[in-house]
Amino acid sequence: MAEDARQLRDSVESTTVVVIGAGPAGMTVANLLRGSGVDCVVLESRSRAYVSQRQRAGIVETRAVRMFDDWGLADRVLGGVPYDGILEFRVDGDRHLVSDSDGSNGPAARLCPQQILVQKLTAAYLEDGGDLRFEAADVSLHDLAGDRPTVRYRSVDGALRAITCDFVAGCDGDHGVSRTAVPDGALTAYALDHGIGWLTILADAPPPAHPLLAVSPQGFAAHFPRGPHASRYYLQCPPDDHPDAWTDTRVWDALRTRLGDQALTSGPITEREIFRLRSLVHDPMQYGRLFLVGDAAHIVSPMGGKGMNLALYDADVFARAVRDFVRGGDDTGLRTYSSRCLRRVWNDQEFSHWLTRTLHDAGDATDAGPFHRHLARARLDRLFTSPGAARAFADLMTGLDPTGDPVTQDVLGNLSGPGGG
Ligand code: RFL
């Protein structure tokens, strides 16, 4: 103990921002701060090899691509290939192509698996001389309500270390330590269990021509590209089902039936997991000098592909806020960080919830009942036939809907101002 205390005294460092977690949120924050000339240190509990292999999301939405482009980082950090913006819905075997292109000029979404984005963000940050410490154990946060918080951790050589800073970016996901450092009662959690399970399969099997979402009497299924020779599949199942109950034969039979494609090519399955669809929002996304970014603040059900993209949005808002404060003492961005992010978070939660209910209720495998099944099918019919509905869908898929951006706030402000409604 005395040795730990001596080591700690000798090794107190100082920086502007300590970033906890080196996933999409943390590595985006780190790159944007570095690009703004703001000092930061990233602490990650896992090894570099582990973090750079974690496969989840597959599409960086248009808004996020343009965000990286604005920061001059798009060419360095985005891998994969451009996405043509076509999504396929298959309802009882019938194909409907829906464009989620908004028709604007500028770079579009990319089919870029999450692990490729994280690998490239990490490489760019390290190439630029960034400070990133993997296998940082026992990370703990102190004095968050004061002017100079401290983050303590044990480095890979076993030494206890401390870093004082102006701000802490909690980018350590839903199971990290950042949020647990906030005193009880300071945050409100809004949670929803959708009562739906998904079996998720990763396989070395050909990707589909377009990301594919399927409704069938046996339940929901999906097929997404994850690189030139890999695919991710989802199969709706009871939330407390066990992955061992899903043999390879059962998986491929169920996919062929629900996707309405008996010719679907199978391949070796590399990951098989079951999870419950859930949504969660913590409000506010800030406590003192701790700012929660990405999954540390909110979980979105995977339908609609918003979780990672929201993490990238938060990272952008946070980095700009810190940059403005450090450069000119303007704290507007820091004061409005939480409300601005939460506006987009709830917007995306609503979209994801709408799509989750529509695609599950339209089949016969939920207990929603026939009335809700008809409602869900009416929503799909509208999406396939109404240009207005398709346009609204494209706005939400691309992330280009103006929710939360200052221009919308101006428009709303004008409407409610003199002469407004
Ligand atoms: P992450 O990715 O969880 O990264 C957190 C990082 O923090 C580290 N960490 C710690 N470091 C230091 N000290 C501690 N005590 C720490 N505790 C944890 C972790 O090791 C990790 O490196 O959070 P981040 O950065 O906020 O990114 C969020 C995204 O990962 C997440 O929203 C998406 O993966 C969600 N998601 C999807 N999002 C999309 O936009 N599109 C998709 O298609 C999509 N598909 C998915 C998904 C999530 C899935 N899972 C998790 C159920 C598919 C799946 C199967």
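1. The bend at a residue is taken here as the angle between two fitted axes, one through the seven residues ending there and one through the seven starting there. On that basis helix H9 has a kink of about 40 degrees, centred on Ser338. The helix covers residues 332-361, 30 residues in total. From first C-alpha to last it reaches 43 Å, close to the 44 Å expected at 1.5 Å a residue.

2. This is a predicted model, and confidence should be kept in view. Mean pLDDT for the protein is 92, with 93% of the residues at 70 or more. The stretch 406-421 stays under 50, and the model gives it 11 contacts beyond four places in sequence. Where pLDDT is low, the predicted coordinates should not be read in detail.

3. The sheet to look at is open and built from 8 strands, with mixed pairing, in the order E7-E6-E15-E16-E17-E14-E18-E21. Its edges are E7 (94-99) and E21 (298-299); each has a single partner strand, so one side of each is left without a neighbour in the sheet. Leu87 has Val98 of E7 as its bridge partner.

4. What does H9 pack on? H9 packs on this sheet. The strands it touches are E6, E14 (188-203), E15 (212-215), E17 (231-237), E18 (269-283) and E21. The direction of H9 makes about 130 degrees with that of E18.

5. Over the whole structure, a search finds 17 aromatic pairs. One of them joins Trp198 and Tyr234, with 4.4 Å centre to centre and 35 degrees between the planes, and is classed as tilted. Because Trp198 lies in strand E14 and Tyr234 in strand E17, this pair ties together parts that are 36 residues apart in sequence.

6. Two backbone features deserve a check. Most residues other than glycine have a negative phi, and most peptide bonds are trans. Asp92, in the loop between E6 and E7, has a positive phi, near 50 degrees, and is not a glycine. The peptide bond from Asp283 to Pro284 is cis, with omega near 0 degrees. Pro284 is placed in the loop between E18 and strand E19 (286-287).

Methods: Residues numbered from 1 in each chain as written. Predicted model: local features only at pLDDT ≥ 70, side-chain atom pairs only at ≥ 80, totals over all residues. Heavy atoms only, no water. Helix = DSSP H or I, 4+ residues; strand = E, 2+ residues; numbered from the N terminus. Expected span 1.5 Å × (residues − 1). Pairing = 2+ DSSP bridges. Contact = heavy atoms within 4.5 Å. Axes fitted to C-alpha atoms, helices over the stretch in contact; angles between N-to-C directions. pLDDT = per-residue confidence, 0-100. Phe/Tyr/Trp six-rings, centres within 6.5 Å; stacked < 30°, edge-to-face > 60°.
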